[in-house]
Amino acid sequence: MNPLTFLRVLGPEPWNVAYVEPSVRPDDSRYGDNPNRLQRHTQFQVILKPDPGNSQDLFLHSLSALGSLPLLPVSVEITYGLERILMSLQGVDHFKKIQYTEGITYGELFLENEKEMSAYYLEQANVDHTQKHFDDFEVEARSLLSLGLPIPAYDQVLKASHAFNILDSRGFVGVTERARYFGRMRSLARQCSQLWLKTREDIGYPLGTYQEANLIYPHVSKKNSRKVVVENLSMKQMEEEVELRGPPVSKAFDQEGKPSKVLSEDLSTIISGISFPKSMRWNSNIVFSRPVRWIMALHGDLVVPFSFAGISSGSQSCGLRNSSLASFKVETAESYLRTVEKAGIMIDMKERKAKILDDSSMLAKGVDGGFIAPDSLLQEVVNLVEAPLPILGRYDDSFLKLPKDVLITVANGSISEEVVRKGNEAVLRARYEDAKFFYKMDTQKHLSDFRGQLKSILFHEKLGTMLDKMARVEDVVAELTLVLGINEMMITVIKDAAALAMSDLATSIVTEFTSLAGIMARHYALRDGLSEQIAEALFEITLPRFSGDVFPKTDAGIVLAVADRLDSLVGLFGAGCQPSSSNDPFGLRRISYGLVQILVENKKNFDLMKALTLVAEVQPIRIDNDVINEVDEGINCEIVRSVLMERANCPYLASQTAAEVDASVFENDEEKALWSAYLEVADKIHPGVDVKTFADASLLLIQPLEDFFNNVFVMAEDEKIRNNRLALLRNIAGLTKGIADLSVLPGF
């Protein structure tokens with residue numbers, strides 16, 4: 001990122017600039033074939049510091065005109081892709097057709113550059129040399145930091161980042177190594193930022209400062225003894241968050257039913273207590289999911305007065321930005337739903353979902369098609385769109401030559417329907433062009449041809465490449481088949497599948513669309529005439545990929561999936577990558593949980609220690625017994641999830657489980673969210689409750705549980721914290737007693 005952006009947004013100095021700059025993205029190399037994607041494009045960068053408070057409006061109006069350190073004050077970054085804006089203004093469908101100047105097109109000027117640089121980034125860049133460049137830039141950056149020179153040090157960080165992008169475009173960076181590279185770059189960027197801040201402070205902030213105070217005045221000029229001129233006076237006070245604790249909510253209203261002072265005080269605290277998986281901070285110290293622009297708070301026809309994030313409550317609400325009811329007044333709390341409905345907003349999520357499904361199905365039926373909507377995507381759209389309006393678009397029939405899974409994966413990505421339709425068609429066309437480009441490159445080879453290319457994808461510096469990893473898997477699958485109690489007659493099929501497993505990671509389409517890993521291996525295997533047994537195993541080695549996903553069912557798939565996860569656990573633990581209580585960059589807890597799920601789902605009796613020892617013997621580094629024991633303990637800890645579903649008995653965990661939950665001991669938002677969800681569910685569930693009520697109430701636990709296990713290490717070093725987390729899980733496990741056995745439900 002340009003130093004004018006990355007460094008200047010730090011510290012208290014104001015910074016309001018705009019500049020044009022080239023942006024180089026090796027991973028976007030397409031030889032000039034994709035209409036919207038270039039390895040080098042031009043962008044117009046705008047930085048507004050401090051945030052003017054209406055940045056979104058400024059951005060949208062400007063388009064019409066065209067056609068981890070704390071940031072105080074908060075800055076706004078707006079980036080315009082100039083090629084795409086010009087395509088829209090000139091009404092062309094490919095960047096090559098842009099009229100750069102009279103009689104000369106963009107393609108005539110820059111197409112050859114795109115082709116040659118694409119060839120370099122995708123085919124010719126020397127991985128060994130580029131990796132050395134990254135290391136050299138890192139060393140140089142650290143040297144400059146030690147000399148107190150943050151600007152040239154950051155220049156080296158940019159060079160290191162570019163080297164990483166080249167490695168990534170060549171498919172060298174595996175999932176495991178990506179975390180390490182990011183960690184190295186972020187560490188350097190953080191040190192540059194800290195040194196930059198110190199340097200600016202040492203030279204006295206020559207651009208001035210914005211101080212937090214009752215009123216903000218960067219510069220005061222005393223013209224004479226009778227007058228003081230305050231220049232650049234802010235139009236508002238800096239927001240200040242004040243948390244006031246009062247009596248219970250039951251005392252929120254007086255005898256006449258009017259809001260008491262208590263309610264006004266508590267509402268701000270209640271809102272600030274809402275937690276989100278991902279939050280942001282804007283023109284204040286408030287953390288929330290998105291910037292708060294208005295607050296409507298009514299009891300009857302009375303406004304409940306309070307403020308949050310610098311916004312005072314009132315009776316005004318907002319509708320669709322471009323409608324006649326972009327802002328409207330709500331007379332009473334009771335009339336809120338009717339008023340909002342008149343403004344075109346569908347408040348009820350179930351109604352929004354039904355409208356999306358019904359209207360989309362009707363549009364699809366009108367062209368003799370069907371509507372396919374993965375539940376996760378549907379839920380996302382339901383929560384993104386307040387007034388859903390499905391629109392039927394089209395794409396070129398030539399894209400139908402692509403596999404169905406590719407088409408579905410790639411597409412997931414008062415308004416004029418025609419504008420929306422054309423915009424989405426252009427985006428979809430570009431995405432499909434990408435997929436078509438990569439699929440064409442891949443199908444010029446057999447799947448087996450990609451096996452050798454795994455040597456260019458680094459798994460871990462101590463554990464070798466992905467080719468090394470899969471060779472280890474191939475070495476252990478025969479014995480592991482017997483350990484899992486699978487018929488030895490399957491060993492030949494399993495070894496044949498292991499010889500091709502993960503080869504699709506080296507294909508162009510999986511490099512670009514990583515969610516297709518396994519799916520494309522199965523597709524390419526069948527395309528090459530391999531058996532369905534082998535093809536299915538190549539897909540099942542990736543399962544489960546996420547919460548609620550399916551599990552491997554075939555013998556070959558089970559063996560490969562178990563072998564791959566055991567290799568990752570033993571190797572990474574041996575390389576010193578154990579997760580901490582707050583950090584798990586290599587996803588080892590997720591891998592452990594996936595392993596447990598596979599074994600439980602397929603009812604496999606399994607000698608874990610024997611399997612761990614078998615895998616340890618083929619590792620390229622020495623694996624001591626202590627490491628094997630540590631992996632064994634780590635996997636057993638993940639069985640706590642199975643305890644929740646009454647699927648496994650873990651005496652170790654049970655003996656460590658405390659009886660009481662102490663909410664004051666919670667360290668993470670995920671713990672607090674899960675505890676709150678548990679209390680809400682527990683209040684609705686009792687042994688005599690009907691199954692429907694139980695099922696509906698239990699749904700509240702799904703997301704908090706997922707967030708908890710993804711972000712919280714149960715077996716913390718601190719005994720008090722560990723026991724408290726186990727007690728929380730024990731209480732959740734007890735919710736189902738006398739009501740249902742969750743083990744019969746899919747995904748549990």
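Okay, let's start with a salt bridge: Arg725 pairs with Glu671, and their closest N and O atoms are 2.8 Å apart. By salt bridge I mean a side-chain nitrogen of Lys or Arg within 4 Å of a carboxyl oxygen of Asp or Glu. This one links distant parts of the chain, with Arg725 in helix H28 (residues 719-734) and Glu671 in helix H25 (residues 669-682), 54 residues apart. Arg725 and Glu671 are both buried, where buried is under 20% relative accessible area, exposed is over 50%, and partly exposed is in between, with a 1.4 Å probe and protein chains only.

Quick housekeeping. This is a predicted model, so local features need pLDDT of at least 70 and side-chain atom pairs count only at pLDDT 80 or more, while totals for chains, interfaces and linings use all residues. Residues are numbered from 1 along each chain as its sequence is written, and side-chain values use heavy atoms, with hydrogens and water left out.

Back to the charges. The structure has 26 salt bridges. Another one is Asp564 with Lys469, at 3.1 Å between the closest N and O atoms. Here Asp564 sits in helix H19 and Lys469 in helix H14 (residues 466-483), 95 residues apart, and both residues are buried. Then there's Arg429 with Asp93, 3.5 Å from N to O. Arg429 is partly exposed at 28% relative accessibility, and Asp93 is partly exposed too, at 36%.

Now, H19 again. Helices here are DSSP runs of H or I with at least four residues, strands are runs of E with at least two, and both are numbered from the N terminus. How do H19 (residues 555-574) and H21 (residues 608-616) cross? Their axes come within 9 Å, at roughly 70°; axes are lines fitted to C-alpha atoms, for helices over the stretch in contact, with angles from 0 to 180 degrees between N-to-C directions. That makes the two roughly perpendicular. On the H19 side, the contact (heavy atoms within 4.5 Å) uses Leu566, Asp567 and Val570, and H21 brings Leu608, Ala611, Leu612, Val615 and Ala616.

Last, a sheet. It's open, with three strands in the order S1-S2-S3 and antiparallel pairing; strands pair if DSSP finds at least two bridges between them. S1 (15-24) and S3 (76-81) are at the edges with a single partner strand each, so one side of each has no neighbour in the sheet. S2 (residues 40-49) is joined to S3 by six bridges, and Leu48 has Val76 in S3 as its bridge partner.

Notes: Parallel < 35°, antiparallel > 145°, perpendicular 65-115°, else oblique.
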